[in-house]
Amino acid sequence: MLILGIESSCDETSCALVEDGRKVLCNEVLTQIPIHIEFGGVVPEIASRNHLLKISDVVDNALKKAGKTFDDVDAISVTKGPGLVGALLVGVNYAKSLAYALKKPLIPVNHLKGHLLSPLLSYPELEAPYVALVVSGGNSYLAICHDYDEIEVIGASRDDAVGEAYDKVARTLGFQYPGGPKIDVSAKKGNREAIKFPRIYLEEGSLDFSFSGIKTAVLNYINSAKQKNIEINVDDISASFQEAVLEVLIAKSLIACKKYSMDKLVVSGGVAANSRLREILDEKAKTDNLKVYYPEMQYCTDNAAMIAAAAFYVDSIEGEELLRLNAYPGLKL
Ligand code: KG4
């Protein structure tokens, strides 16, 4: 089954063609990062306008690169949420029109489910069940993927997402958007033990996260250092911040694996690209009888391949239901 996927939830306009949920024929991604850099983050209105300008070209390019035409496509899939409402609406309306005009079924996909299933694109042998840690710019979840259409959320962030904490701290440190990759690089040059930032575990037994406190702790540290005329070492702050965040993320993921007797941990979303996260987890995997899977780098941040892959396990809609499909900016996993 050949599914054409469309993704436009934030600042990437993307179209992919994926066969049977696993084989990527083409994954065309047009990022708007250079457009938003000067504002220090994504400007929703600018994002929607640029999706609108580019979406047709991105879809045409994807088909061309895959050597396919619309006739070869069995279904159209699209991110229905969560994300920026204006940005989502561009993809949703484009996909609805396409499906309606071509008389093909439409498959609306939860963006977070796309992230959660994205490692399936990189590991043909990977099968559910597994523990999934989804760490992206807007969301942080721990879930059990019992089956591809049976996902149980066991923990979530109560405030900021991990990627959001990375981006906000990066901004405080003077790094350009998106800050996560810059902190990743800076942290390699810093001392992880230089500053003891708080590790927020919440109440005993909870698998939820909270990342807003650490962002404030970094800000307080910088302000107090400035007042005391203590030299600020950006690399030490990056390394110490990152260590505090990753320690909690990893500890809770390992607790989840033990609690649910799972030996597979699947990490996905933009923060899954983090080199220190991968280093620590790979080390744990050697001793803890654990297999850890991450998507390839191109499938970590937003992309349509993961949407078309997840769509293989989601019911399609047609007729009236197709016409009624809306965008759902606050959708949960
Ligand atoms: O998955 P994604 O594109 O966003 C959503 O779907 O929400 O991920 C983007 C997020 C940004 O917050 C970015 O700073 C972060 O992922 N990120 C990283 C790294 N690469 C991207 N965070 C830490 N280390 C990285 N190497």
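User: Where is Ser14 found in this predicted model, and what makes it count as buried?

Analyst: In this predicted model, Ser14 is found in strand β2, which spans residues 12–19. Its relative accessibility is 2%, and buried means under 20%, so Ser14 counts as buried.

User: What makes β4 a mostly covered strand?

Analyst: Strand β4 consists of residues 75–81, and six of its seven residues are buried.

User: Why is the pair of Tyr148 and Tyr313 called tilted?

Analyst: By the ring-centre rule, the count comes to six aromatic pairs. The ring centres of Tyr148 and Tyr313 lie 4.6 Å apart, and the limit for a pair is 6.5 Å. Their planes stand at 40 degrees; stacked requires under 30 degrees and edge-to-face over 60, so this pair is tilted. Tyr148 belongs to the loop between β7 and β8, Tyr313 to the loop between α10 and α11, and 165 residues separate them. Tyr148, Phe312 and Tyr313 form one aromatic cluster.

User: Is Tyr148 buried or exposed?

Analyst: Tyr148 has 8% relative accessibility and therefore counts as buried, the threshold being under 20%.

User: Why is the pair of Tyr166 and Phe241 called edge-to-face?

Analyst: The ring centres of Tyr166 and Phe241 are 5.2 Å apart, with planes at 80 degrees. Edge-to-face applies over 60 degrees, so the pair takes that name. Because Tyr166 lies in helix α5 and Phe241 in helix α8, the pair ties together parts that are 75 residues apart in sequence.

User: How do you know that Tyr166 and Phe241 are buried?

Analyst: Relative accessibility is 2% for Tyr166 and 0% for Phe241. Buried means under 20%, so Tyr166 counts as buried, and so does Phe241.

User: Which residues have the most contacts inside the largest nonpolar core, and which element gives the largest share?

Analyst: This core has 45 residues, and those with the most contacts inside it are Phe197, Phe241, Leu249 and Val267. The elements that give two or more residues to the core include β6, β7, α5, α7 and β9. The largest share, eleven residues, comes from α8. A second, separate core has 32 residues, among them Val18, Tyr141, Ala305 and Ala311.

User: What is Val267 in contact with, leaving aside its neighbours within four places in sequence?

Analyst: The contacts of Val267 include Pro119, Leu133, Val135, Leu277, Leu281, Val292 and Tyr294.

Key. Residues numbered from 1 in each chain as written. Predicted model: local features only at pLDDT ≥ 70, side-chain atom pairs only at ≥ 80, totals over all residues. Heavy atoms only, no water. Core = buried A, V, L, I, M, F, W, Y, C linked by side-chain atoms within 4.5 Å. Buried < 20%, exposed > 50% of the residue type's maximum accessible area, 1.4 Å probe, protein only. Helix = DSSP H or I, 4+ residues; strand = E, 2+ residues; numbered from the N terminus. Contact = heavy atoms within 4.5 Å.
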